[in-house]
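Biologist: I would like a close look at one part of this protein. Please take me through it step by step.

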Amino acid sequence: MCRLPATTAVSETTDVEFLQTDSWQEALELKAAYPDAVPIAGGTDVMVELNFDRIRPRAVLDLTRVPELSRWWPENGRLRVGAGVTYARLITELAEPLPGLAIASRTVGSPQIRNRGTVGGNLGTSSPAGDALPPLFTADAEVELASRAGTRRIPVAEFVTGPKRNCLADDELIAAFHVARADGPQQFAKIGTRNAMVIAVCSLALSIWPGQQRVAACIGSAGPTPIRSGEAERFIAGVLGEHDLWSKRPPIPEAALAGFGELVERAARPIDDVRGTARYRRHALGVLARRTLRWAWEAYRCA
Ligand SMILES: Cc1cc2nc3c(=O)[nH]c(=O)nc-3n(C[C@H](O)[C@H](O)[C@H](O)COP(=O)(O)OP(=O)(O)OC[C@H]3O[C@@H](n4cnc5c(N)ncnc54)[C@H](O)[C@@H]3O)c2cc1C
């Protein structure tokens, strides 16, 4: 059922139309009819922008009542997770198949934010500091975009095009993301100026994929977008493959951990800002890389 237009006055001169529907098809129709409407899911980014008067949209499109967005299910050997699944549900329902994303979700905001905030919203904002993004990058997740004309699936690394920029067209909505189940340990670590309610100074997601004998690492909050550290990944795949450490499962040699950390540091493209200096971010990423690789490999050895 579509209620249109329910108009809320926000000032004497500017009204914001509030568009609401409980039908996915109608949501897509509304986005086509109002291409400049701002979709709202948990509202934990949108409301901040509205409250600080950083945006003043002509219309807001409420997606919270669309049931399709808050469902997840297995599909073609992967998981299809609706854009409206909250962090709280990811933690309780998907920690086993998506451990890296669940660990990252536990670091987001506070219980209130995790109860409202969604991965779809994190994708929509496309901040380099978005905590859900690095785990999606290490899993080569795909983002499903939908419009009245149909759907398309884009690798997450292509979806995010710059700081707070993505390739969502004006008539499109994020329907879901598609991601492989973990077949090995995954980790996420984040540096902040305090323990909770903090935007990452920098972060690192790391996934071990024993089935493909590879390690994937992605840097957060130290570049214009999340950054996969390809050289570090190739280096460690070489070390693990050369002596068949995948089967023998000894501890990773210290020199290999150090080399991996150095290459992750080099892949970062950090800036100096109020949260930290570029130099500190690089150093911290080296530490996080060594630490997360050690944690994940130890879990693999003991599995
Ligand atoms: C106090 C506080 C603490 C926070 N802490 C963290 C943190 O630790 N880590 C972190 O990563 N983030 C944090 N955030 C930011 C925010 O919670 C996350 O980015 C969250 O994932 C946003 O999800 P949401 O559902 O609330 O998105 P919304 O605010 O509803 O939307 C965010 C953006 O995505 C768009 N959007 C939403 N859904 C769709 C869709 N289906 N299709 C197309 N576009 C869509 C919106 O138009 C908007 O541009 C914090 C925010 C607050 C207020």
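Biologist: How many residues does the hairpin use to join β7 to β8?

Modeller: This is a predicted model, so read each value as computed from it. The hairpin that joins β7 to β8 goes through 2 residues. Strand β7 covers residues 142–147 and strand β8 covers residues 150–155. The two strands run antiparallel, and 6 bridges join them. Take E144 as an example: its bridge partner in β8 is R153.

Now turn to S207. This residue lies in strand β13, residues 202–209. Is S207 buried or exposed? Its relative accessibility is 2%, and buried means under 20%, so S207 counts as buried. The side chain of S207 makes a polar contact with the side chain of T138, at 2.9 Å. Leaving aside neighbours within four places in sequence, S207 is in contact with T138, P185, Q186, R214, V215 and A216.

Next, the nonpolar cores. In soluble globular proteins, nonpolar side chains tend to be buried together. Here the largest nonpolar core has 47 residues. Those with the most contacts inside it are W24, L98, V119, L123, L136 and F159. Strand β11, residues 173–180, gives the largest share of this core, 7 residues. Not counting residues up to four places away in sequence, V119 touches A83, V85, Y87, L90, A132, L136 and F177. There is also a second, separate core of 33 residues. Its members include L204, A217, A284 and L285.

Terms used
Residues are numbered from 1 along each chain as its sequence is written. This is a predicted model: local features need pLDDT of at least 70, side-chain atom pairs count only at pLDDT 80 or more; totals for chains, interfaces and linings use all residues. Side-chain values use heavy atoms; hydrogens and water are left out. A nonpolar core is a set of buried Ala, Val, Leu, Ile, Met, Phe, Trp, Tyr and Cys residues joined through side-chain atoms within 4.5 Å. Buried means under 20% relative accessible area, exposed over 50%, partly exposed in between (1.4 Å probe, protein chains only). Helices (H or I, at least four residues) and strands (E, at least two) are DSSP runs, numbered from the N terminus. Contact means heavy atoms within 4.5 Å. Two strands pair if DSSP finds at least two bridges between them. A polar contact is a pair of N or O atoms within 3.5 Å; within protein, one must be able to donate a hydrogen and the other to accept it, and residues adjacent in sequence count only if both atoms are side-chain atoms.
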